[in-house]
Amino acid sequence: MLKSYCELKLAPNGNGALFEAVRSNVEVQRAISAYQYLQIIGVDNALNKVLDPIQVGFMHERGLQTCLKACAKRNAAEKVGVIGTKNGRYDIVEYSELPPELAGRQDFDGNLKFYLGNILVYICRTDFLLTLCASEEGGNSLYHKAHKKIEHCDPETWEDIKPSEENGWKFELFLHSFLPKVDQGRLGVLLVDRATEFAPIKEKDGPEKTTFGYDAEPVPDTPAWARRMIMAEASAWLASAEAGGLKIDASSKGNIEVSYLLSYAGENLKWLKNLHKGSSLGGKGGYLNHEGEYFELE
């Protein structure tokens with residue numbers, strides 16, 4: 001594929017390039033070695049819990065080399081890798097490499113047999129990670145194929161093409177390729193609540209209105225979907241603060257974002273009633289910053 005009339009279309013080689021990036025940078029190695037654990041997260045998950053104390057504590061308490069988070073798959077077709085074992089070793093099978101008959105296989109209760117979806121939230125022991133990075137084959141040796149929407153230049157008209165469906169194959173290194181090297185009994189998997197932990201942005205927003213003119217529901221895994229999940233989490237947090245005396249106008253409920261520097265998981269919000277004594281959080285919604293100040297939407 002072409003990027004322009006005189007350029008080839010190139011793409012990153014996947015998140016598995018982390019190992020080569022660390023191996024080739026001594027300063028990064030030195031910075032990593034100063035800590036016992038390192039968290040690795042996907043940037044497209046709007047609900048990432050940075051340095052989740054539960055995950056860190058579980059990792060430390062069990063003496064694990066690696067701990068990762070998982071969500072129950074929404075359905076068999078959801079585009080997430082499946083956590084399990086392969087040839088007797090820990091592994092993740094990417095959705096593009098899992099045959100439909102296996103992806104849809106059910107247990108005796110009618111639930112998906114392979115339901116543990118990888119959400120790309122890892123914590124690794126730094127000594128283990130640096131050992132993997134020290135070898136060219138330590139983290140990755142296999143490129144995986146991924147069917148993607150690839151923007152390109154039409155070689156006949158030279159127009160830029162933005163496809164609406166997958167139109168090409170990328171070959172990528174995957175971060176999880178190191179899992180077979182984890183010692184048996186030293187991998188932890190935390191099954192977490194999708195509603196508060198997993199809001200990936202993988203697709204573009206759908207139409208705002210239906211064909212009949214009504215407000216359309218957000219399409220899953222889009223910016224609008226992630227925004228709604230963030231607001232839903234914040235609303236649950238603020239409900240507790242409201243019960244304690246914080247005043248929130250009906251017009252702004254469900255549309256107030258809370259800075260994660262103000263509250264990590266809903267704690268430390270009851271004092272807001274004192275900060276906003278004599279007023280209420282109003283307007284069409286707004287934002288509570290790290291100091292609890294409220295900024296209304298314009």
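Start by selecting Glu203, which is partly exposed because its relative accessible area is 30%; by definition, buried means under 20% relative accessible area, exposed over 50%, and partly exposed in between, with a 1.4 Å probe and protein chains only. This is a predicted model, where local features need pLDDT of at least 70 and side-chain atom pairs count only at pLDDT 80 or more, while totals for chains, interfaces and linings use all residues. Residues are numbered from 1 along each chain as its sequence is written, and side-chain values use heavy atoms, leaving out hydrogens and water.

Lys149 forms a salt bridge with Glu203, with the closest N and O atoms 3.3 Å apart; a salt bridge here is a side-chain nitrogen of Lys or Arg within 4 Å of a carboxyl oxygen of Asp or Glu. The pair links distant parts of the chain, 54 residues apart: Lys149 is in the loop between strand 8 (144–148) and strand 9 (152–153), and Glu203 is in the loop between helix 6 (194–197) and helix 7. Helices (H or I, at least four residues) and strands (E, at least two) are DSSP runs, numbered from the N terminus. Lys149 is partly exposed too, with a relative accessible area of 37%.

The structure holds 14 salt bridges. For another one, select Asp127 and Arg125, whose closest N and O atoms are 3.0 Å apart. Then try Asp183 and Arg186, where the salt bridge is 3.9 Å, N to O. Finally, pick Arg74, Glu78, Arg194 and Asp221 together to see a network of salt bridges.

What does Trp225 touch, not counting residues up to four places away in sequence? Its contacts are Arg74, Pro218, Val219 and Pro220, where contact means heavy atoms within 4.5 Å. Ile201 is 24 residues from Trp225 in sequence, and the two are 8.2 Å apart in space, C-alpha to C-alpha.

Next, show the whole of helix 7 (residues 223–243), which lies across strand 13 and strand 14 and runs at about 80° to strand 13. Axes are lines fitted to C-alpha atoms, for helices over the stretch in contact, and angles run from 0 to 180 degrees between N-to-C directions.

Those strands belong to an open sheet of three, in the order 13-14-15, with mixed pairing. At its edges are strand 13 (256–258) and strand 15 (294–296), each pairing on one side only. From one strand to the next, the twist averages 15°. Two strands pair if DSSP finds at least two bridges between them. Strand 14 (residues 286–288) and strand 15 run antiparallel, joined by three bridges; look for Tyr287 opposite Phe295.

Move on to strand 5 (residues 82–86) and strand 6 (residues 89–93), an antiparallel pair joined by five bridges. Val82 has Val93 as its bridge partner. In this hairpin, two residues lie between the strands, and Asn87 takes a positive phi near 55°.

Is Ile54 buried or exposed? Ile54 counts as exposed, at 62% relative accessibility. Leu190 is 136 residues away from Ile54 in sequence, yet the two are 9.4 Å apart in space, C-alpha to C-alpha.

Now zoom out to the protein chain, with its eight helices and 15 strands. The C-alpha trace spans about 65 × 60 × 50 Å along its principal axes, and buried residues make up 36% of the 298 residues.
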